[in-house]
Amino acid sequence: VEDIQVEFEDICLAARAAASVGNPWLTILKPRYRPQLVLAILIPIFQQVTGINTIVFYAPQLFSSLGADAKNSLFSTLIVGVIGVVSTVVALVLVDRVGRRMLFLQGGVQMLICEVIIGALLGIGFAKDGDVLPASTTKAVLALICLFAASFAWSWGPLAWLVPSEIQ
């Protein structure tokens, strides 16, 4: 019961402090808080432009265009989803050990490298072989898509929600 009372008093103190701020919308626009405001806005925007929504939404069509039949393209999409879930758990374990900045930078670099290599492989493969890609290229693209999804899930995926809420 004592722990609850202390926590309750802390919440009441924070509520009174928040109520004492005259106009919070004008306060956040002051130059002192501008870096925090910019980060809180840009981090979710950068998360959206990583390309993960395109990979997840169009994964079955992407795998079909790589030569997989309907069953295998859906199975490949399932693999990407499972990798994303497992990698999010990895992020939960690592975020306080290695730090948010390291995960952001490492995940961003890995995603960039994966996207560039995927684009190069598909561009060269489709230009060279027409509609059919060699099996080795297909497997490499699938592995890179999985690595891309893992990189997102242990970095920009969860951290884009966590970091803006922690900015002070």
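## Salt bridges, surface patches and buried serines

D96 is exposed, with a relative accessible area of 62%, where exposed means over 50%, buried under 20% and partly exposed in between (1.4 Å probe, protein chains only). This is a predicted model, in which local features need pLDDT of at least 70 and side-chain atom pairs count only at pLDDT 80 or more, while totals for chains, interfaces and linings use all residues. Residues are numbered from 1 along each chain as its sequence is written, and side-chain values use heavy atoms, with hydrogens and water left out.

**The charged network**

Side chains of opposite charge can pair when their charged atoms come close. If a salt bridge is taken as a side-chain nitrogen of Lys or Arg within 4 Å of a carboxyl oxygen of Asp or Glu, the count in this model comes to two. In one of them, the side chain of D96 meets that of R100, with 3.0 Å from N to O. In the other, R100 pairs with E166, and here the closest N and O atoms are 2.8 Å apart. Because E166 belongs to helix α9 (residues 156–166) and R100 to helix α7 (residues 100–129), this pair ties together parts that are 66 residues apart in sequence; helices are DSSP runs (H or I, at least four residues), numbered from the N terminus. Through shared partners, the salt bridges join D96, R100 and E166 into one network.

| Residue | Relative accessible area | Class |
|---|---|---|
| R100 | 22% | partly exposed |
| E166 | 36% | partly exposed |
| E7 | 47% | partly exposed |
| I41 | 46% | partly exposed |
| L92 | 61% | exposed |
| S87 | 6% | buried |
| S155 | 0% | buried |

**Two surface patches**

Patches are made of residues with over 30% relative accessible area and no salt bridge, like charges being joined within 9 Å and nonpolar side chains (Val, Leu, Ile, Met, Phe, Trp, Tyr) within 5 Å. A nonpolar patch of about 520 Å² is built from V38, I41, L42, I45, F46 and V49; one of its members, I41, lies in helix α3 (residues 34–48).

**Two buried serines**

S87 sits in helix α6, which runs over residues 70–98, and is buried at 6% relative accessibility. Contact means heavy atoms within 4.5 Å, and, with neighbours within four places in sequence left aside, S87 is in contact with A150, A153 and W154.

S155, by comparison, is found in the loop between α8 (135–153) and α9, where its relative accessible area is 0%. Again leaving aside neighbours within four places in sequence, the contacts of S155 are L103, F104, G107, G108, M111 and A160. S155 and R101 are 54 residues apart along the chain, and their C-alpha atoms are separated by 9.2 Å.

**An exposed leucine**

L92 is also part of helix α6, and this leucine is exposed, with a relative accessible area of 61%. Between L92 and L142, which are 50 residues apart in sequence, the distance in space is 25 Å, C-alpha to C-alpha.

Key. Areas by Shrake-Rupley, 256 points an atom, 1.4 Å probe, with all protein chains shown as cover.
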